[in-house]
Amino acid sequence: MADWERAFRELLAARGGALRSYAYVLTGDPAAASDLLQEALTRVFGRRRVGADIAQLEAYVRRAMLNHHVDGSRRLKRWNATRHLLVEPVRDDSDQLAAADEVRRALSELSPKQRACITLRYYEDQTVSEIAEQLNCAEGTVKRHLADARARLADRLGMSEEGAR
């Protein structure tokens with residue numbers, strides 16, 4: 001076993017819990033704390049010159065966690081200050097989300113064949129003959145499934161069948 005590996009195992013055995021607690025205090029989130037600790041360990045043990053003194057290694061890891069956390073916070077603050085230059089502001093799309101949810105519910109009420117025909121026709125933009133070939137059925141059957149599905153969707157969504165096309 002390499003010297004760094006022995007030192008790594010001894011550090012985690014002796015001070016792993018304390019290092020995890022320190023990372024949690026810095027981040028306030030268990031998942032972010034685990035990521036922070038792993039990043040710090042990678043940075044410290046990624047160097048070839050690692051000593052065997054556990055107290056010194058712990059200090060290095062703690063310092064690496066602190067530096068990484070502070071740098072990340074600065075980066076996030078800078079990004080939040082300039083993000084508006086690159087990204088459009090968030091709009092309230094609650095009406096669109098409600099409409100999409102209503103369409104999703106209406107589609108779930110269709111039979112599996114009707115859903116497949118609607119999806120292939122309007123999402124995949126396939127012709128009736130392509131759908132019939134893919135579903136291994138007659139073109140008339142596909143037309144019937146499409147007509148029935150459009151009628152059910154129009155009724156469920158409160159629009160004319162012309163709007164459901």
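Predicted model: local features only at pLDDT ≥ 70, side-chain atom pairs only at ≥ 80, totals over all residues.
A search of the whole structure finds one aromatic pair, formed by Phe8 and Phe45 in an edge-to-face arrangement. Helix 7 spans residues 139-157, and a set of its residues, including Val142 and Leu153, is buried.

**Aromatic pair**
- The ring centres of Phe8 and Phe45 are 5.0 Å apart, with 85° between the planes, and the pair is therefore edge-to-face, since planes over 60 degrees apart count as such.
- Phe8 is partly exposed at a relative accessible area of 24%, whereas Phe45, at 9%, is buried.

**Arginines over tyrosine rings**
- Arg62 lies over the face of Tyr22, at 4.7 Å from the ring centre.
- The charged end of Arg121 sits over the ring of Tyr122, at 5.9 Å from its centre.

**Helix 7**
- With 19 residues, helix 7 reaches 26 Å from its first C-alpha to its last, which is close to the 27 Å expected at 1.5 Å a residue.
- Its buried residues are Val142, His145, Leu146, Ala149, Arg150, Leu153 and Ala154.
- These residues cover an arc of only 160° around the axis, so they are on the same side of helix 7.
- What covers the buried residues of helix 7 includes helix 4 (94-108), helix 5 (112-123) and helix 6 (128-135).
- Just after helix 7, Gly158 takes a positive phi of about 70°.

Methods
Residues numbered from 1 in each chain as written. Heavy atoms only, no water. Phe/Tyr/Trp six-rings, centres within 6.5 Å; stacked < 30°, edge-to-face > 60°. Buried < 20%, exposed > 50% of the residue type's maximum accessible area, 1.4 Å probe, protein only. Lys NZ or Arg CZ within 6 Å of the ring centre and 35° of its normal. Helix = DSSP H or I, 4+ residues; strand = E, 2+ residues; numbered from the N terminus. Expected span 1.5 Å × (residues − 1). Arc of directions from axis to C-beta. Contact = heavy atoms within 4.5 Å.
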